[in-house]
Each structure stands twice: as structure tokens, then as C-alpha cells.
Amino acid sequence: MKGIRTNIDYDVIVGGGSIVGLLAARQIAAAGVSVLVLEDHPEIGIPEKCDGLVGSSALEALGIMPKLSIIQNYINGAILHSPSGKVIEIDASNMGILVVDRSKLDLDVAQAAVRNGAEIRTANPVEQVQDTHSMVRVSCKSGDLYCRFFLDAMGSNSLMVRGQKEGIFQAAKYVIAGDWFQKDRVELFFDNNQTPGFFTWIIPTSERTAKVGAAGKGINSFRTLDRFVHEKGGSILKRVAAPIIVGGPIKNFINGRIIKAGDAARQTKPSTAGGIYSGGIGGILAGDSIAKAVRTGNPRTLEEYEKKWRRIFGREFSSTLRARAVFETLRNKHLSRILDELASSQNTLNLLSSHGDFDFHSAALLKAIGTGTVIKILKTVAAAELSRLRPFARSQS
Ligand SMILES: Cc1cc2nc3c(=O)[nH]c(=O)nc-3n(C[C@H](O)[C@H](O)[C@H](O)COP(=O)(O)OP(=O)(O)OC[C@H]3O[C@@H](n4cnc5c(N)ncnc54)[C@H](O)[C@@H]3O)c2cc1C
């Protein structure tokens, strides 16, 4: 295809060689369309920011068959800690949740993209992107390159450059060696004083090692996490700072010949900030529709990407965004009352376990919120938010 072009270097250039950009490149190359991935860092997958908690069904949907060497652990349940110290245990043994090595996962997808014909240039940051209407000029370390379409998969960096800091919390994430982990249980500690609007988390990789993190609105997450780890003990083997995104998707994924996917389009779950699945699907849908637009010469086919992504995730993300709005208003005493109520009701625990879906949280969330006592508590603290939640609770029942 390159031969018949006069002034285009590649049909498509992808900015960002992480999971979303690489999945998109894999799809684009598979359709026989020329694609270059420009990655800022010298090595794919490094530095690793993500904890790699993902459902096996999600990986399957992304067309990834993880090698055994990528899987670090299997998760069978979650333990939620209320500010008062009570615990809620949720059985997740039927959800197929894995902890994977994100660096190795990205490398695997990069290899699949290259096998299909994609080109990857590392240590080659995108500096400027200009849509000239008939094509896109991408300025990078190699100089100016021209393409028909540019896919921005540059993660939170893309949002920061555009000054879009809304719904982004700075997280601290450590790898810890210690003796306070339950090998097959993820643990979440809720405390709206220490981690307002989010939580502290433990994702074990073995009985003696775990990825432990903390994030919250307006906090110094390193100080919070240091305090937490100091109380528990153990050694910090690695410290990472990384932004997590909980604000819900941006308004438009497509702007002329420039398309956004993954974290750059804020396609992460507003509940947990997980984005491997929802962003990965974004990358695949974007890649497929860009390839179609190149092959048909009709840029309007790009719209299929946005329509399909919103059809899958739009309602789920709106519901969890509303639940988040309520959660952020709760003071610790109310949060404790709600979580303690859930902890004391076996029916609710069964409900949470049976309605749990690792990638779609709103059904379980709204079932829990829909229980009588929780509604009574919420009524007293967040009447306005509750009235916005009710239609969703009804439609999920
Ligand atoms: C601490 C933490 C823990 C997480 N844990 C989980 C989890 O357990 N499960 C889950 O599903 N999700 C998790 N996430 C979210 C998940 O990591 C992201 O949603 C996912 O990585 C998004 O992929 P992406 O390709 O869109 O962006 P990113 O993975 O952020 O990749 C963006 C890429 O663009 C590159 N880049 C940036 N600027 C430029 C430039 N100018 N030129 C070229 N390249 C550039 C970067 O180097 C990077 O490689 C976590 C996130 C964080 C921060």
C-alpha cells in the first residue's frame, strides 16, 4: 500500500505503545493497512504502572491468550474493610480473576502487532499532531511524518497535555514483601478521611508479595500509603507514582482525523479506575474502524467505533459515575453505617457474590444500594444523589 502513496508515510500512526495503542495497531495491521506505533519510552511495558488485575473473560474478549509466565496469581474473592473496621467478604471464585504481569502482557501484544505487520519505534515521543484535513502531520523525534489518521493512545499524558485534570487522582503504588496478605483475596480499605473518593488496595501476587496502592481526592498518596504500610510492616521493594482516572469518558473520541482511545479518552471504570478491558476494547474498536476508513476512503466509518464503545459501556459508566458522586459525599460515619449494614446481611453478601461481574459493577452496586436499610441510611445523608440513582436501581432489578 505504501508504494502507491506519494506524500503519506503511513496510513495510520498510533501515539503510545501500551496496551490500547498496541491492540489498535494489531487490528489495523491485520487488515493490511500500514501502521506505525510511536512510543515515548525506550522499552515496551516499562515503566509498569498498572497492577494487572483483569478477568480471564476480558482477556479473551481482547483476543489475548495469556501465557502461564504472564499470570502472577489467581483471585477468588474480595475483602472490603469499612472505616469502622468491619469486613465484607465477597466470593469471586466464579469470576476468573487474574493478576497478570502488565509489562509482559504489553510485550506479548506488541509481538502480535508486529507479526501482523505493524512497525514500532520506541524512544520516539510524539511532540505535536496537526490535522491538515487531508492528512495528519505528526512531529516526533524522527522528524515530521504524515499519515491519514492519528490514534492518540498516549494515556493520561495526553489528558495532562490537554489540561484535562478533572476526575484524575494521583496514586501511589508499592510492591511489598510482607506477611499480611491473603494469597487469593484482593482487599480494599475504605476511609473517606484518608483516601477521599477512593480506597487503599492490596493485590497479592503470592503469600509474601503484593501490589499495594492508595489514591484519593487531593491527598498526598505517598504519605497515606507510607502510614498504611508502616502500621502493617514489611519491606517496600518498589515505589511508583501514577495517575488513575475515574471521571468517565471524554465527550468526543473522534475529532476529524485524530481519534482517541484508552486512558487518553478516559475509558477507565469510574468505580476502580481499571482500564485494561474497557480501554482495550476501545483500542480494538478504534483500530477496526480506522482500518475500515482507510480501506473504504470514508472517514465517516470512524463513528462506528464511538457508537459501539458507548453501546457496550455507556450506561454502565453513567451508573457508576452517579454512584461515585454519592460515595464522594459520604462522611466516614455514614460510609461505615452502609458498609457495616452490608457486612451484617448474609442475603446482601450472597447477592453481591451472585451478581458480581468483574467488568460491570453497576448491577451489584445498585442491588446493594437498593436494600432497604441502606436506602434509609442514604436518604438521611444524600437525598439528592439518591433520587438520581433510583431510576438506575429500578432498571437494573
Ligand atoms: C496504579 C495503577 C494501577 C492500575 N491497575 C489496574 C488494574 O489492576 N487493572 C486494570 O484493568 N487497570 C488498571 N489500571 C488502569 C490501566 O493501567 C490503564 O487503564 C491502561 O494501562 C490504559 O492503557 P493505555 O494504553 O490507554 O494507556 P497507558 O497504559 O497509560 O499507556 C500510554 C502509553 O503512551 C506513551 N506515551 C505517553 N506520552 C507519549 C508521547 N508523547 N509520545 C509517545 N508515547 C507516549 C506512554 O509511555 C505509554 O506507553 C491501573 C492504573 C494505575 C495508574
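Start by selecting F169, F190, F198, F199, W201 and F327: together they form one aromatic cluster. Rings of Phe, Tyr and Trp (its six-membered ring) pair here if their centres lie within 6.5 Å, with planes under 30 degrees apart called stacked, over 60 edge-to-face and the rest tilted. This is a predicted model, where local features need pLDDT of at least 70 and side-chain atom pairs count only at pLDDT 80 or more, while totals for chains, interfaces and linings use all residues. Numbering runs from 1 along each chain as its sequence is written, and side-chain values use heavy atoms, leaving out hydrogens and water.

The whole structure holds 16 aromatic pairs. Next, pick Y174 and F222: their ring centres are 6.0 Å apart and their planes sit at 40°, so this pair is tilted.

Now select the ligand. What surrounds it? There are 31 residues, and the closest are S18, E39, V126, N157 and D263 (a residue is near if one of its heavy atoms lies within 4 Å). Zoom in on S18: one of its polar side-chain atoms lies 2.7 Å from a ligand oxygen atom. Finally, colour domain 1 (2–52 + 101–164 + 248–313) and domain 2 (168–245), with bounds from an automatic or database domain assignment. Both give residues to the shell, so the ligand lies between them.

Definitions and conventions
A polar contact is a pair of N or O atoms within 3.5 Å; within protein, one must be able to donate a hydrogen and the other to accept it, and residues adjacent in sequence count only if both atoms are side-chain atoms.
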